[in-house]
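Please read the numbered points with the model open alongside.

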Amino acid sequence: MNRTLWPILAVALVLAPTALPGQRRTAPTPAPAARLLDTLLYRGLKFRAIGPSTMGGRMSAFAVREANPRVIFAAAGTGGLFKTTNNGTTWSAVFEDQPVASIGAVAVSQRDSNLVWVGTGEGNGRNSSSWGNGVYRSTDGGGKWTHLGLDNTHDIPALAIDPHNDSTVWVAALGHLWGKNSERGVYKTTDGGKTWTAVLTISADTGVSDIVCDPQKPDTLF
């Protein structure tokens, strides 16, 4: 049976008069068409979401220099990097010229507010996740960016800057969300990103989603 006819059949069954034994059928009083449609066809209907099944915007990270908290960097999982210099009153996009828009981590030097590091690839494992192409650094507060490798890490959810040495940075690499890759783990640079060393490698199936260094003893990391 054609399902599009079901509401009409249901109305017909409700309106069909039923005669008891010994009684004659009498025709019902016709209802106005508008009232009939309103009361019988649409009153029981409720709105429901039917798609499209996409996910809205999401913020993946933010960073601020404690000495000047009015300057904040906010990273979007699939929308780039934004900066405010007036405590969030206004924001400007500062990563639009780069070939990737998915950001997983952002870190600002506590010694130099112009030194900003970004790890691309949001690291949120779901069907709408986007991926990145490694690490970027800005030395002018987000005006210009330099790509510093680790392209195949795919997703970088966290960065840690040595609070005593801006040239030393650790990167937590989650890796590909849907398959194996050998670039998972923790990477370290001591020359500002010119070279990287894998300092924690577990397996091609195991990545790292966070990393924090002790501010008093930065060689101690979690």
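1. Glu122 is placed in the loop between strand 6 (116–120) and strand 7; helices (H or I, at least four residues) and strands (E, at least two) are DSSP runs, numbered from the N terminus. Glu122 counts as buried because its relative accessibility is 2%, where buried means under 20% relative accessible area, exposed over 50% and partly exposed in between (1.4 Å probe, protein chains only). The C-alpha atoms of Glu122 and Arg58 are 9.7 Å apart, although 64 residues separate the two along the chain.

2. The model is predicted, with residues numbered from 1 along each chain as its sequence is written, and local features need pLDDT of at least 70, side-chain atom pairs count only at pLDDT 80 or more, and totals for chains, interfaces and linings use all residues. Side-chain values use heavy atoms, with hydrogens and water left out.

3. As to the overall layout, the protein chain has two helices and 12 strands. From the N terminus on, the order is α-α-β-β-β-β-β-β-β-β-β-β-β-β. Of its 222 residues, 36% count as buried. Among contacts in the protein chain with a separation of 6 or more, 42% are between residues 24 or more positions apart.

4. Which residues form the aromatic cluster? Phe95, Tyr136 and Trp145 form it together; rings of Phe, Tyr and Trp (its six-membered ring) pair if their centres lie within 6.5 Å, and planes under 30 degrees apart count as stacked, over 60 as edge-to-face and the rest as tilted. The whole structure holds three aromatic pairs. One of them joins Phe95 and Tyr136 edge-to-face, at 5.2 Å centre to centre and 80° between the planes. This pair links distant parts of the chain, 41 residues apart: Phe95 is in the loop between strand 4 (92–93) and strand 5, and Tyr136 is in strand 7 (residues 135–138). Phe95 and Tyr136 are both buried.

5. Phe95 also pairs with Trp145: the ring centres are 5.2 Å apart and the planes stand at 75°, so this pair is edge-to-face. Trp145 lies in the loop between strand 7 and strand 8 (146–147), 50 residues from Phe95. Trp145 is buried, as is Phe95.

6. The largest pocket contains about 620 Å³ of space. On a 1 Å grid over the protein atoms alone, a cavity is a set of points where a 1.4 Å probe fits but cannot get out, and a pocket is an open set with protein on both sides within 12 Å along at least five of seven lines; lining residues have an atom within 4 Å of a point. Grid points are joined across faces, edges and corners, and a volume is the space filled by probe spheres set on the points. The largest pocket has 24 lining residues, and Ala107, Val108, Gln110, Leu159 and Ile161 are the closest to its centre. Strand 5 gives the most to this lining, with five residues. By class, the lining has 18 nonpolar, three polar and three charged residues; Ala, Val, Leu, Ile, Met, Phe, Trp, Tyr, Cys and Pro count as nonpolar, Asp, Glu, Lys and Arg as charged, and the others, Gly among them, as polar.

7. How many cavities of 30 Å³ or more does the whole structure hold? The search finds one. The largest cavity has about 30 Å³ of space, and its lining includes Ala63, Arg65, Asn68, Phe73 and Val108. Strand 1 and strand 2 (72–76) each supply at least two residues of this lining.

Methods. Contact = heavy atoms within 4.5 Å.
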